[in-house]
Amino acid sequence: MVRSKNKKLAHSNKRTLITLLDSKSPIAEQYRIIRTNIQFSSVDQEIKSLMLTSADPGDGKSTTAANLAVAFAQQGKNVLLVDADLRKPTMQYTFNQTNTFGLTSVLTKQINLEQAVAEIDENLYLLTSGPIPPNPAELLGSKAMDHFYAEVLESFDLVIFDTPPVLTVADAQILANKCDGTVLIVSSRKTEKNRIVKAKELLDAAQSKLLGVVLNNKKVKQSDYYYY
């Protein structure tokens, strides 16, 4: 049985989960624009799985993944957000969930998928990372992960994977090869150009379908939000 909604969610994380807790804000609208761009990036094939990564830590990939998951769920899609960062997971904090069990627990057959998934909001479900394993890359590249991937694609309209930075470890490359599309998160005035190029090269080497880049943390004037 899927775990029930967390009643404490609305009392925290307003800045991080702005699409859920302040859906009419200009920033929430930007996430909806990204959602639309992702949908139009692949006209011939429906995107059922999406991976988000970045070049370096701190670029905002997890925040972007969480808000995109909310944005797609608000559109009516049955969305599962998977914290596939098995080294420094954060989704349990973003959504105020426990991380006693999660993805690693499912992959090692300690618990089944339905028991591990938490219902966050209407159409929105979360699978936290679970206990951090000693061999994250090997676990993500295992046959158990292939079976998990097939199972979640059958159960949800869209599965979004939050992964570690692609330049840090091999985990993102492993998942990029499985997913229908990849989005690279870049932090304005922080991520160096050579790091972005190197990140793209690694994703290309993994035969990832790079849908585009999200420029994060860009300062804009209030007047830029005006829409007529």
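This is a predicted model: local features need pLDDT of at least 70, side-chain atom pairs count only at pLDDT 80 or more; totals for chains, interfaces and linings use all residues.
Residues are numbered from 1 along each chain as its sequence is written, and side-chain values use heavy atoms, with hydrogens and water left out.

**View 1. Tyr149 and Phe161 form a stacked aromatic pair.** Rings of Phe, Tyr and Trp (its six-membered ring) pair if their centres lie within 6.5 Å; planes under 30 degrees apart count as stacked, over 60 as edge-to-face and the rest as tilted. By this rule there are 2 aromatic pairs. In this one, the ring centres are 6.2 Å apart and the planes stand at 25 degrees, so the pair is stacked. Because Tyr149 sits in helix α8 (residues 143–155) and Phe161 in strand β5 (residues 158–162), the pair ties together parts that are 12 residues apart in sequence. Helices (H or I, at least four residues) and strands (E, at least two) are DSSP runs, numbered from the N terminus. Tyr149 is buried, at 12% relative accessible area, and Phe161 is buried at 0%. Buried means under 20% relative accessible area, exposed over 50%, and partly exposed in between (1.4 Å probe, protein chains only).

**View 2. Lys190 and Asp59 meet in a salt bridge.** A salt bridge is a side-chain nitrogen of Lys or Arg within 4 Å of a carboxyl oxygen of Asp or Glu; the whole structure has 9 of them. Here the N to O distance is 2.9 Å. Lys190, in the loop between β6 (181–187) and α10, is 131 residues apart from Asp59, in the loop between β1 and α3. Lys190 is partly exposed at 41% relative accessibility, whereas Asp59 is buried at 1%.

**View 3. Lys178 reaches Asp146 in another salt bridge.** Their closest N and O atoms are 2.4 Å apart. The link joins the loop between α9 (171–176) and β6, where Lys178 lies, to helix α8, which holds Asp146. Asp146 is partly exposed, with a relative accessible area of 35%.

**View 4. Asn96 and Gln207 have positive phi angles although neither is a glycine.** For Asn96, phi is about 55 degrees; this residue belongs to the loop between α4 and α5 (103–107) and is partly exposed at 28%. For Gln207, phi is about 60 degrees. Gln207 lies in the loop between α10 (193–205) and β7 (210–216), and is exposed at 67%.
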